[in-house]
Protein chains: 4
Amino acid sequence: MTSKQTLGVGMVGYAFMGQAHSQAWRTLNAAFDVPYAIDMAAICGRTEEKVRAAAEKYGWRSYETNWQALIERDDIGLIDICSPGGNHAEVAIAALNAGKHVLCEKPLANTVEEAREMVKAAEAAAANGVRAMVGFNYRRVPAAAFARKLVQEGKLGAIRHIRAVYLQDWIVDPEFPLVWRLRKEEAGSGALGDIGSHIVDLTQWITGQKIVGVSGLTETFIKERPLVADTQGLRGTGSSERGEVTVDDAALFVARLSGGAVATYEATRFATGRKNGLRIELNGEKGSLVFDLERLNELELYLTEDDNTTQGFRRILITEAEHPYMAAWWPAGHIIGWEHTFTHEAYDLVTAIAEGTDPSPTFAEGLQVQMVLDAVLKSAESGSSWVPVESPTG
Amino acid sequence: MTSKQTLGVGMVGYAFMGQAHSQAWRTLNAAFDVPYAIDMAAICGRTEEKVRAAAEKYGWRSYETNWQALIERDDIGLIDICSPGGNHAEVAIAALNAGKHVLCEKPLANTVEEAREMVKAAEAAAANGVRAMVGFNYRRVPAAAFARKLVQEGKLGAIRHIRAVYLQDWIVDPEFPLVWRLRKEEAGSGALGDIGSHIVDLTQWITGQKIVGVSGLTETFIKERPLVADTQGLRGTGSSERGEVTVDDAALFVARLSGGAVATYEATRFATGRKNGLRIELNGEKGSLVFDLERLNELELYLTEDDNTTQGFRRILITEAEHPYMAAWWPAGHIIGWEHTFTHEAYDLVTAIAEGTDPSPTFAEGLQVQMVLDAVLKSAESGSSWVPVESPTG
Amino acid sequence: MTSKQTLGVGMVGYAFMGQAHSQAWRTLNAAFDVPYAIDMAAICGRTEEKVRAAAEKYGWRSYETNWQALIERDDIGLIDICSPGGNHAEVAIAALNAGKHVLCEKPLANTVEEAREMVKAAEAAAANGVRAMVGFNYRRVPAAAFARKLVQEGKLGAIRHIRAVYLQDWIVDPEFPLVWRLRKEEAGSGALGDIGSHIVDLTQWITGQKIVGVSGLTETFIKERPLVADTQGLRGTGSSERGEVTVDDAALFVARLSGGAVATYEATRFATGRKNGLRIELNGEKGSLVFDLERLNELELYLTEDDNTTQGFRRILITEAEHPYMAAWWPAGHIIGWEHTFTHEAYDLVTAIAEGTDPSPTFAEGLQVQMVLDAVLKSAESGSSWVPVESPTG
Amino acid sequence: MTSKQTLGVGMVGYAFMGQAHSQAWRTLNAAFDVPYAIDMAAICGRTEEKVRAAAEKYGWRSYETNWQALIERDDIGLIDICSPGGNHAEVAIAALNAGKHVLCEKPLANTVEEAREMVKAAEAAAANGVRAMVGFNYRRVPAAAFARKLVQEGKLGAIRHIRAVYLQDWIVDPEFPLVWRLRKEEAGSGALGDIGSHIVDLTQWITGQKIVGVSGLTETFIKERPLVADTQGLRGTGSSERGEVTVDDAALFVARLSGGAVATYEATRFATGRKNGLRIELNGEKGSLVFDLERLNELELYLTEDDNTTQGFRRILITEAEHPYMAAWWPAGHIIGWEHTFTHEAYDLVTAIAEGTDPSPTFAEGLQVQMVLDAVLKSAESGSSWVPVESPTG
């Protein structure tokens with residue numbers, strides 16, 4: 001019925017992130033006025049039986065069992081990389097070189113070196129109108145986007161303090177098995193890379209300030225865990241054999257930012273009772289704001305512009321049509337879920353492709369986050385000394 | 001790829017509820033293990049241009065412009081009625097008589113008489129394996145379903161107190177226009193029928209007690225509002241001509257329930273600052289619980305079984321795989337949105353159809369809610385006297 | 001050291017309220033610039049041993065064992081009545097007739113008839129410069145006083161909705177004994193008079209509207225309880241003999257107010273988990289506010305004057321020097337306790353005495369509250385019919 | 001009337017802390033069963049006119065204008081030091097040497113060297129039954145004391161994470177004047193010493209773990225402020241002349257503790273909107289807890305001992321008679337204020353004196369806190385390097 005140009009999407013990976021991204025591609029057209037007719041062309045995974053089942057369940061019209069085949073297909077214009085960080089660089093660079101737009105899950109790569117190569121490939125591709133974006137989806141939480149808008153408009157004045165934590169508790173049990181996310185060779189790092197990367201990106205993006213130096217520490221509370229045959233899943237079962245946990249359980253650091261703010265950051269998987277506790281508090285000259293991912297439809301805002309007797313942290317329900325992304329959804333007060341961030345991300349990406357602009361966060365932004373995380377690891381390894389963060393373009 | 005039997009769905013209406021139900025049908029298969037291959041066969045509306053656009057946007061493969069045609073189609077086995085209450089009875093009865101399963105949005109009908117006819121049709125159809133369900137979707141909020149489970153298991157003991165409000169504020173502005181929801185001939189009643197029906201159904205369902213009598217009042221704060229050419233929309237624009245508001249802006253009542261509980265209920269569209277404020281507090285012999293739709297992923301629970309020094313209202317994040325419906329979605333702490341209730345509703349309905357059982361809430365349950373609302377209106381009209389609620393089967 | 005005139009205080013009763021009032025009189029001078037030198041002259045109770053101990057513990061310089069003696073003392077200018085409601089009328093009228101100022105705990109009396117006599121005595125005394133005040137101390141919570149100020153200034157516009165509850169749970173256990181507060185002959189009524197009176201007074205005072213009619217019900221969940229030798233205490237011990245509970249456990253009603261607001265009220269001692277849960281929500285044309293006694297240093301305020309995207313319920317810490325009463329205490333953020341309300345009450349009373357003005361709430365205001373409670377009981381006794389509330393001056 | 005031995009108290013200082021301590025001494029007997037008859041003997045300050053007024057207002061029966069005279073008085077057995085930190089050492093050592101018990105406000109001293117001398121004096125005095133205590137009053141918040149009890153009983157298991165902030169905002173305005181608290185020579189340090197000391201002490205006390213090393217930074221956002229004639233007050237007025245701010249506005253650090261916990265700490269006076277925001281979150285193997293001084297009557301507690309579906313942070317109202325200190329006050333749900341901590345502190349001190357035991361926190365504990373703060377300053381001065389904390393006992 002439509003006369004829109006078709007954009008075929010091919011997705012790599014079908015686990016947790018694959019399910020979430022599928023939901024986004026399936027929903028995109030119904031929520032937003034999208035510049036392309038989205039074709040969920042193919043999903044790609046190594047095990048045929050599983051990838052076929054995933055294709056059927058999540059609504060992809062075909063499947064592939066190796067990513068090279070996916071990239072070669074003419075009916076696919078965009079590669080969505082949802083696999084673990086270890087093969088991001090290889091897939092993303094090949095796709096970009098083949099002229100496919102790329103959406104790559106965070107962290108951009110497991111090492112700064114790989115990330116640098118990806119940035120080069122993205123910059124080369126951009127010259128040909130091919131776009132690349134890294135999936136820091138929390139920028140697409142309406143409350144976070146609105147927070148950035150408030151800071152940019154100067155409602156808070158200069159930001160002096162950042163307090164950012166990402167608290168989870170899914171491995172508090174010492175019998176929780178040694179899944180891939182606890183192995184450095186597959187996951188790159190632990191809490192720091194997995195969830196610390198989100199708070200580094202999000203606070204920098206909201207405040208418009210970059211981290212210039214850090215001092216911190218990391219800790220692995222449980223050094224050995226039961227081995228599992230299949231290390232792919234998040235939930236495993238006990239085993240009598242044990243293997244070494246080679247990533248951090250928690251990372252904590254203080255930082256200074258380019259605009260004069262000082263900050264504390266903490267990422268941990270040992271915060272008993274906190275399930276998805278990404279919380280950010282910013283204090284500025286003229287106001288403050290608080291965001292909590294477990295209540296992502298809300299933003300707390302304090303403004304000194306009111307008279308002294310009626311100032312207070314106001315809990316704003318970020319569900320008005322005038323709030324970022326929310327005109328696409330339901331009447332005020334009808335909350336959205338975590339998964340909607342991926343629909344927003346997909347919308348921003350395809351809009352940028354259509355408009356011929358670079359989508360944000362770029363691979364260069366992803367690299368800069370990696371460099372911050374790298375500095376934190378260096379500080380931790382050197383006994384919590386101060387480590388400056390270089391500029392990615394430097 | 002699948003060998004499942006196909007279930008064709010035909011939907012009547014494409015406004016707010018139509019968008020939400022479309023999202024449910026589109027998402028159902030990806031989230032749950034559904035017994036049918038769902039075919040979004042056709043959407044139906046009076047204005048061809050609009051219904052065609054809705055079909056394309058929301059993912060329906062065809063459209064119809066009159067509901068009789070929809071019912072006659074062989075490729076459709078289930079009629080989903082999302083139009084205003086005024087034509088529920090006509091459509092639902094025709095569909096049931098034609099052997100189509102029916103999902104009917106609440107309120108079941110605009111009058112008790114119509115609702116009675118619908119119950120008769122549903123009971124006749126059930127004898128032939130045709131199913132009917134009324135869309136009190138808030139039963140499918142995981143926190144609400146979990147609340148019911150806690151009460152059923154006796155965790156709270158006998159329920160003594162119910163405190164239920166549904167607070168909105170979308171017509172506080174006196175210049176908000178006279179949309180169809182403010183006209184008795186189309187909407188049946190105002191806040192009472194639209195949102196009061198939800199709290200009546202939800203509290204009865206969670207507690208397992210039925211309202212046996214009420215005493216209350218209704219109020220229309222703004223008696224006249226600007227006329228609008230198109231009264232279909234929720235958001236209108238000003239006009240110099242005015243018409244009479246013929247429904248209640250607010251309804252308040254006290255009640256007694258079959259299990260000995262006493263209750264206060266309130267539904268209003270004049271609670272400035274409350275957007276979708278459905279809140280329920282239950283107090284029982286052994287514990288209490290609090291639910292708030294604006295934070296629908298949470299449930300507050302108080303239990304006296306703990307020792308005196310550590311009792312408190314605990315805020316439970318209802319996002320564990322062990323919570324109702326939640327195994328279908330994301331890891332703990334990754335919240336869902338308001339719209340997910342419709343996916344859960346669709347899942348329960350098609351499961352009941354497959355299993356050959358009556359889905360709940362039945363039309364008889366919908367009728368009973370209508371009879372409670374009717375008693376409230378009678379009480380209000382008679383100067384807040386006590387009005388017993390008859391049994392629908394009585 | 002001072003040249004201030006001395007005001008001798010004599011207090012009747014030394015239980016819960018007596019302890020709280022003692023704290024107020026002892027603290028008054030240190031917190032406020034008081035027009036009199038307060039002399040804690042004497043405390044009065046029937047049992048000499050106990051009243052002597054109370055005098056020493058709470059800082060009274062002498063004691064009496066009958067209230068007539070207290071009233072006759074020349075060194076006492078103010079009688080503070082903290083005994084149960086049954087003897088309020090007798091003591092207060094005698095004191096006023098003897099030319100003593102009176103502070104009388106709420107409820108003013110156990111019957112409307114007694115309250116009327118007290119009003120007459122107070123009005124006669126006022127002609128001679130003798131003052132009378134009823135102790136609705138929650139008017140002296142800074143957040144409540146500030147709420148009233150906001151309403152009076154028109155910040156919320158016309159008030160449309162009042163939602164008021166006073167929730168406690170101290171008799172949920174069926175083995176809790178039959179203390180005096182559960183006996184009509186001593187306490188007058190149950191939850192309605194004890195705590196319902198507070199929310200009736202407070203909402204009327206904050207909104208400036210009077211309740212004009214009610215429809216409601218009462219309930220006694222536990223009909224019989226263990227007898228105790230001493231029924232004076234709040235905490236008793238089990239016994240094999242049982243007696244009848246002759247007051248309500250809970251009272252619920254809807255109401256209309258003089259300014260057009262509609263309201264729900266509820267007072268109960270069976271709200272498991274709620275310890276001192278006095279909560280009030282007001283919705284006005286231009287804003288809303290929420291107060292919760294368990295967090296009495298806070299007020300939630302919603303204003304529509306802000307732009308649509310930043311409106312929200314703001315949590316104001318009512319601890320600024322510019323907030324009512326708070327200049328007397330600590331720097332911002334250093335919270336005060338429940339007992340401070342009595343110090344504020346005492347301050348307002350002695351200030352009114354010094355200035356020769358009538359302190360509020362007057363006995364006439366106390367009578368009006370009694371008449372509302374009386375109407376609720378009449379409604380409950382007549383099967384929840386509508387009962388208008390007469391004017392006390394009518 | 002009593003036969004108790006009298007304990008005469010002499011207090012140095014009559015500003016903010018003096019007012020709070022006066023309230024404690026005046027209230028002590030009425031709330032607790034105190035082993036002495038407390039005599040508020042004398043208050044001491046340099047300006048006769050002011051100290052005389054303070055004596056009258058706060059209820060001291062005499063005054064002195066130099067602290068040496070206070071110490072020499074035979075009717076005084078306890079010296080309560082509420083003056084700024086600069087003269088703590090001199091007064092406390094003299095008092096202890098004169099055989100007077102000492103309560104000394106925190107921080108113990110402005111330098112570690114002075115604190116060491118005070119510890120020596122206290123240890124010598126203790127041999128003669130003379131007691132010394134440092135005033136970390138927040139240990140006497142019932143919720144904090146209860147938190148310690150829960151940790152000691154093992155309810156949380158081993159503590160892995162500490163997150164502690166003390167957030168205020170009283171100098172966010174750059175025109176706020178250069179009061180004594182912003183001058184190193186009088187205040188010793190800024191936010192770190194004034195409020196950071198509280199969170200260091202409180203977290204160590206609750207967890208039973210000591211900080212063994214830190215890495216951090218400090219910041220002074222506003223380098224110059226208006227001079228004021230009188231630098232004693234907290235609130236000043238503008239001036240055209242400016243002077244240098246010589247203390248930190250904010251201090252942030254990461255730490256490791258003796259029991260294996262890792263921590264972030266932050267103290268700042270630039271957290272716009274936070275008035276007295278002392279917040280602590282602890283995560284342990286088996287549970288977590290959260291404390292917030294702005295809601296000091298509450299404690300949030302999470303326990304994994306419950307089944308997975310009903311775990312949640314429970315908000316416990318710490319107002320039961322079974323909670324620490326609370327049997328002295330009001331029925332459950334009737335909250336206490338910030339000032340009550342001083343009454344509890346005084347009670348614990350005089351009880352220890354009567355029992356002949358060392359009250360906690362001892363001067364040695366105060367010294368250890370100073371050494372932690374000193375390490376933070378050293379880390380900050382050395383570019384955020386890691387600085388181990390020595391043991392005070394060497």
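**Interface of chains C and B**

In contact across this interface are 48 residues of chain C and 48 residues of chain B. The model is predicted, and side-chain atom pairs are counted only at pLDDT 80 or more. About 3,300 Å² is buried between chain C and chain B, with 56% of that area on carbon and sulfur atoms.

- Eight salt bridges are counted between chain C and chain B.
- One salt bridge joins the side chains of Arg163(C) and Glu266(B), with an N to O distance of 2.7 Å.
- Polar contacts between chain C and chain B amount to 21 residue pairs, both residues being at pLDDT 80 or more.
- On the side of chain C that touches chain B, at least two residues each come from β7 (159-167), β8 (211-219), β11 (250-257), β12 (262-268), β13 (277-284) and β14 (287-292) of chain C.
- By residue class, the side of chain C that touches chain B consists of 20 nonpolar, 17 polar and eleven charged residues.

**Symmetry of chains C and B**

**Interface of chains A and D**

- Chain A and chain D contribute 46 residues and 46 residues, respectively, to their contact.
- The area buried between chain A and chain D is about 3,300 Å², and carbon and sulfur atoms account for 56% of it.
- Eight salt bridges are found across the interface of chain A and chain D.
- Among them is the pair Arg163(D) and Glu266(A), whose closest N and O atoms are 2.7 Å apart.
- Between chain A and chain D, 21 residue pairs are in polar contact, with both residues at pLDDT 80 or more.
- The strands β7 (159-167), β8 (211-219), β11 (250-257), β12 (262-268), β13 (277-284) and β14 (287-292) of chain A each provide at least two residues of the side of chain A that touches chain D.
- With six residues, β11(A) gives the most to the side of chain A that touches chain D.
- The side of chain A that touches chain D comprises 19 nonpolar, 16 polar and eleven charged residues.

**Symmetry of chains A and D**

- Chain A is laid on chain D by a turn of 180° and a shift of 0.0 Å along the axis, with an RMSD of 0.0 Å.
- Within chain A, the residue that comes closest to the rotation axis is Ser385(A), its C-alpha being at 2.3 Å.
- The same surface serves both copies here, with 100% of the contact residues of chain A recurring in chain D.

**Parallel sheet in chain D**

- Six strands of chain D form an open sheet with parallel pairing, in the order β3-β2-β1-β4-β5-β6.
- The edges are held by β3 (63-64) and β6 (132-135) of chain D; each has a single partner strand, so one side of each lacks a neighbour in the sheet.
- Strand β1 (residues 6-12) and strand β2 (residues 37-44) of chain D run parallel and are joined by seven bridges.
- Thr6(D) has Ala37(D) as its bridge partner in β2(D).

**Salt bridges over all chains**

- The count over all chains comes to 123 salt bridges.
- One salt bridge joins the side chains of Glu305(B) and Lys155(B), at 3.8 Å from N to O.
- Glu305(B) lies in the loop between β15 (298-303) and β16 (313-317) of chain B, and Lys155(B) in the loop between α6 (142-152) and β7 (159-167) of chain B, so the pair ties together parts that are 150 residues apart in sequence.

**Backbone geometry**

- The peptide bond from Lys106(A) to Pro107(A) is cis, its omega being near -10°. Pro107(A) is placed in the loop between β5 (101-105) and α5 (112-126) of chain A.
- Ser360(B) and Pro361(B) are joined by a cis peptide bond with omega of about 5°. Pro361(B) is found in the loop between α9 (340-355) and α10 (363-381) of chain B.
- Although not a glycine, Tyr325(A) has a positive phi of about 70°. Tyr325(A) is located in the loop between β16 (313-317) and α9 (340-355) of chain A.

Key: Residues are numbered from 1 along each chain as its sequence is written. Chains are lettered from A and ligands numbered from 1 in the order in which they are written. Side-chain values use heavy atoms; hydrogens and water are left out. Contact means heavy atoms within 4.5 Å. Buried area is the accessible area (1.4 Å probe) that two parts lose on being put together, summed over both. A salt bridge is a side-chain nitrogen of Lys or Arg within 4 Å of a carboxyl oxygen of Asp or Glu. A polar contact is a pair of N or O atoms within 3.5 Å; within protein, one must be able to donate a hydrogen and the other to accept it, and residues adjacent in sequence count only if both atoms are side-chain atoms. Helices (H or I, at least four residues) and strands (E, at least two) are DSSP runs, numbered from the N terminus. Ala, Val, Leu, Ile, Met, Phe, Trp, Tyr, Cys and Pro count as nonpolar, Asp, Glu, Lys and Arg as charged, and the others, Gly among them, as polar. Copies are superposed by least squares on the C-alpha atoms of residues with pLDDT of at least 70 in both. Two strands pair if DSSP finds at least two bridges between them.
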